[in-house]
Amino acid sequence: MEETMGKAPRSRARMLELVFPKDTNYHGTAFGGWVLSLMDKAASIAAVRHAGGNVVTARMDGVDFHVPIRVADAVALDAQVVRVGRTSMTIRVDVYREHMPTGDQELATTGFFVFVALDEQGRPRPVPPLPEGQDTSAAEPDFEARP
């Protein structure tokens with residue numbers, strides 16, 4: 001049986017992580033910093049895919065924690081480039097908590113991350129535009145595209 005290779009999505013990344021006790025505070029809920037690090041990782045993958053090379057995090061904007069994420073939940077992240085400047089990209093990251101046995105998901109956290117593309121010398125470099133009509137910076141979470 002021959003397998004065909006497809007291309008990864010160019011401006012999007014999805015991840016799934018489990019929440020273990022080491023990732024939580026004394027309330028049994030996920031540390032905010034741990035969730036932010038996952039968000040930054042997912043956003044960086046989407047940014048690298050879109051830019052086609054090295055990127056760095058420039059800013060985290062408007063991270064909102066809606067509901068707690070608990071031990072034994074899964075954390076499903078969906079990161080998508082929603083706006084592009086000359087050398088920068090804004091990535092929206094939606095984080096869902098998932099009850100593993102049922103698959104039920106609930107939006108837990110949303111945030112926007114700004115990345116800058118870098119050339120080989122570490123200087124900002126231009127990034128490609130989003131395809132026509134793909135600026136989704138004000139869009140609601142895409143519930144059909146959950147990880």
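## How β1 meets β3

Strand β1 is joined to strand β3 (residues 73-84) by seven bridges, and the two run antiparallel. Two strands count as paired if DSSP finds at least two bridges between them; strands are DSSP runs of E with at least two residues, helices are runs of H or I with at least four, and both are numbered from the N terminus. Let's look at individual partners: Arg14 has Asp78 in β3 as its bridge partner, while Leu18 stands opposite Ala74 in β3.

This is a predicted model, in which local features need pLDDT of at least 70 and side-chain atom pairs count only at pLDDT 80 or more, whereas totals for chains, interfaces and linings use all residues. Residues are numbered from 1 along each chain as its sequence is written, and side-chain values use heavy atoms, leaving out hydrogens and water.

## From β3 to β4

On to the next pair: β3 and β4 run antiparallel and are joined by eleven bridges. They form a hairpin, with three residues between the strands. Ala74 turns up here again, standing opposite Glu98 in β4. Ten of the twelve residues of β3 are buried, that is, under 20% relative accessible area with a 1.4 Å probe and protein chains only; over 50% is exposed, and in between is partly exposed.

## The whole sheet and its helix

Stepping back, the five strands make an open, antiparallel sheet in the order β1-β3-β4-β5-β2. At its edges are β1 (12-18) and β2 (55-65), each pairing on one side only. From one strand to the next, the twist averages 25°.

Helix α1 (residues 32-51) packs on this sheet and touches β1, β2, β3, β4 (88-99) and β5 (104-117). Contact here means heavy atoms within 4.5 Å. The direction of α1 makes about 55° with that of β5; axes are lines fitted to C-alpha atoms, for helices over the stretch in contact, and angles run from 0 to 180 degrees between N-to-C directions. Along the sequence, the pattern reads β-α-β-β-β-β.

## Burial and contacts along the chain

Of the chain's 147 residues, 41% count as buried. Which residue in the loop between β4 and β5 is worth a look? Met100 lies there, and Met100 is partly exposed because its relative accessible area is 39%.

Finally, a word on contacts across the sequence: among those between residues at least 6 apart, 74% join residues at least 24 apart.
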